[in-house]
Amino acid sequence: MNRHGFSWLDIAVALAPENLLLLGIVAILAVEILAPKPRGALVVAFSALALATVAALVLWAGGVVAEPFPGEFTVEPGASLAKAVVLALTLPVLLLARDEFPQSGPFHVLLLSSLYGVCLMLSADSFLTLFLGLEMLSLPVYVLVLLAFRRPESLEAALKYLVLGGAATATFLLGVSLLYGGTGTMSLAAFTVALSVHDPMATAAVVLVLVAFFLKAAVVPFHAWAPDAYEGATVPVTAYMAVVVKAGVLLAVLRLFGEAPLPGPIVDLVAVLPLLSIVWGNLAAMRQKSFRRMIAYSSIAHAGYLFYALLGDGPGRYEAVVFYVVAYGLMNLLAFAALPRTADDAARDHLDRFRGMFHRNPFGATMLGIAMLSLAGIPPLPGFVAKFLIFKNVMAAGYTTYAVLGLVGSYLGIYFYLRVIQLMFMSPAEGPAEPRTAVRRAVGTCIVCLVPALLLALFPGAVIGRG
Amino acid sequence: MSDAAWLNVVLFLPVLGTALLLFVPATRESAIRTLTLVAMAAQLVVTGFLYAAFDPATPGLQFATRLPWIPAWGVTYTIGLDGYNVLLVLLTAFLGPLVVAGAFTAVRRDVKLFYCMVLLIQFAMMGAFVAQDLFLFYLFWEAMMIPMFVIIGIWGGERRIYATFKFVLYTAFGSILMLAAMIWLAWSLATPEGALSFAFTDLYQSRLPLSTQVLLLSAFGLSFAIKVPIVPLHTWLPDAHVEAPTAGSVILAGVLLKMGTYGFMKLGFPLFPDATMVLSPLLIALAVVSIVYGACLALVQDDIKKIIAYSSISHLGYVMLGLVCLDLVGVQGAVVQMVSHGLTAAGLFLMVGMIYERCHTRELAAYGGLAKVLPVYSLFFMLLTLASIGLPTTSGFTGEFMVLLGAGTAGWQQYSQGSSFLLASSAVAVTGVVLGAMYMLRFAQGFLFGGERVPHGPVLDLDLREKAILVAIVAAVFWLGLFPAEPLAKTELAAQEYRQLVTTSRLPGNAP
């Protein structure tokens, strides 16, 4: 059955990040049963995740290329780096979730399972593995949204997310079956072949698969679930969806497209819908009263920028997406980490509660301000270089009009990001200063997000153009 | 330390100041003020030495630092002084301590945040002037926006939120188009091997077809024209000036507006010379409209801050006229006019702030006869008013006179070649001088003379701190008015280079 022989060592080493996640899941279950401690699950999950990140980094740095399951699952440096990025971005999410759940065991198990799915996806060679990964990524998230069942909206949000996620799955499978019917293979390479042929069935398959990913990444007009799901979930879960899920999906799309050139009709599809996403996401975000809904629309716009990266020439796409995902992810996480903590989860993210925050919690307000400026793409913060990288690629590939329209669309976003700053800094203070302990708790997580982001902003030259 | 390192010191002193401020508790306000003032004063001292050491006979960059920054894109950290920016750098450093000292009594809320923002905007403005790489320039250019957003938005007047968003949304719109143009420019000039460069000197070698040049100049120009501002893109300025706290107005009028004209001089026109030639009638017309329209609007304002705001539009119209007429005297006059306006407008805004702190109104009609009540204040006010009008021996005269002389000379030349447009435009621009005298004297007359009206009186005359600030400004105004030879010598080579760049066609196919 296997062409290259089957080596357990290969599986142990090449799948080290995945294996460590699996080990973490088992260990959490064991700890929960044998020695339940308030922070036990967190410690285990954090260690497993950190080790998995290190493992992925080592695989990347070592340039390990392996095929533990030929035709299904490959490990190569690009995939390893993508995994490392996604895993590392989840670390702050765990810190965010420290006291969010009375019983943290289920949360951590679900989170690690979902990450396992992401890792599968990023190494997938066939549509089967990709599908497996995509579903393993999504199913735990539906439950994670429900975990916040303290609020009635959560149920609605989870259901909406589930139904639309199901629709995405169906669309994806239909696309894959068309591809299989046309080519007789489940290999991912069939997708790039289908891109280049002018056959109605191949085009339909490509469009269906792409639409499924648009749904997962919340690109207009497939975005309607995002604001509700983001609002209904608790803060760490929202952060996970906005950062890690989005990053995973986009990196998977990148794996699918590889460096293949885009044919004309597909260009319009991957340019027009993301452009609409940028414009609509930024416009709709202006009217939101809830922080998480606003971030949802902001993430819809950011999905637009990320899909724009596909317009660039093949070799530059990977770098652009990875850089963007890191800059965007860190800053989104910083924003969530700096959110003031209150007992009432629904009131916590009402934008009116941000009024005068600078006087109650100067550190949190400053961090949130930095995050907003970076998300708006204002230099010298890392969001600017990330955006520059994408639009530069789009322009260098010759799509000047799309690039200019996209930039003008990004201009629309400036208002609502700055409005948060206005509320925090320029409105009179209401209420007493926040307790010092609550502020101090956020400091660690904020620093974890801020320091790498600042390094990225100061020395972008150290990573850009280095592979 | 090498000479070049000192320019980096000048650039990064405000950052160092900000970093130190973070460790000072927010309640220790006097320590915060002192620390900021020391940082700014140190910057001024070092800048003064650099200015003195700047050699007028050496073309090109002096005190240059060139370090790779993003090698894959050919982006470098290149800074340096040349004839274009040397006076503006000096102006920025000179106004820094005055802004800080001027806000000692005016700003009482969130003092720490305020001085952090003042230091950061100082850093960004200084950076935009000394940057010699387009990417770096853009970073500083955009970075200026946020501190000013915060300064107007927190410490501004009643309609501060509206004004500050208007300022940001105008500025950012220009910037986004400039960003698009910048990316396009750099990547269209990439060598076949894919090597890129954002260095100004490399971009000056570009050869682009006329239609492209016009498009790119429009994108860059829109961004610069909003900052200047040129009529009809000026509507953010009165709001921003009126609502901004004194320090914000001083920074805006003193330095920020010069970014626009500096951008035209350093980037817009020399990068796209053929487009500049094609668009020059439009640019001249807009400059003259700005001069006359700004002056007419200043003539009818009831708010004293608005009078100075509109006068800024008029005064910067002269700078644009001087830059577009391409006469050597005119170009140098434009540079002097930039500095002169920076001094007089900053001084007038500071004086308005001083009276506002005492009387709490900006209504011109509420005041009268201040000359009797506040003699020292009135003396300084009169001096700055006359400098703003352009009385000989003050800096205003040097600037406006040289611009009009240059425009007139170029106008005669064009007239002899059969085109009377520039000559007619210069003639119209001269009326701006008359209008300038009218609105400033109307202002001074209502303010200083007539029946005594002092809201919230009795008030005290200037204290020592305020006198020191004004003495410094007035001294600078007279220095530039009486001894313009030295600063002019330092800008002369740059003015020649500018003229050379803009008048040499760089369409593809022409022999270099």
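Which residues does Y324(A) touch, not counting residues up to four places away in sequence? They are Y305(A), L306(A), A309(A), A386(A), L389(A) and I390(A), where contact means that the C-beta atoms of two residues, placed from the backbone, lie within 7 Å. This is a predicted model, in which local features need pLDDT of at least 70, side-chain atom pairs count only at pLDDT 80 or more, and totals for chains, interfaces and linings use all residues. Residues are numbered from 1 along each chain as its sequence is written, and chains are lettered from A and ligands numbered from 1 in the order in which they are written.

Y324(A) is among the residues with the most contacts inside the largest nonpolar core, which has 401 residues. A nonpolar core is a set of buried Ala, Val, Leu, Ile, Met, Phe, Trp, Tyr and Cys residues joined through C-beta atoms within 7 Å; a residue is buried if 20 or more other C-beta atoms lie within 10 Å of its own, exposed if 12 or fewer, and partly exposed in between, with C-beta atoms placed from the backbone. At least three residues of this core come from each of domain 1 (1-123) and domain 2 (124-462) of chain A, with bounds from an automatic or database domain assignment.

The centres of these two domains of chain A, taken over C-alpha atoms, are 22 Å apart. Across their boundary, 31 residues of domain 1 are in contact with 42 residues of domain 2. On the domain 1 side, β2 (73-75), α4 (77-96) and α5 (104-123) of chain A each give two or more residues, and α5(A) has the largest share with 13 residues. Helices (H or I, at least four residues) and strands (E, at least two) are DSSP runs numbered from the N terminus.

Chain A also touches chain B, through 25 residues of chain A and 26 residues of chain B. On the chain A side, α18 (382-396) and α19 (400-426) each supply at least two residues, and the largest share, 13 residues, comes from α19(A).

Chain B itself comes to 20 helices and two strands. Of its 512 residues, 60% count as buried. The C-alpha trace of chain B spans about 75 × 60 × 40 Å along its principal axes. Among contacts in chain B with a separation of 6 or more, 81% join residues 24 or more positions apart.
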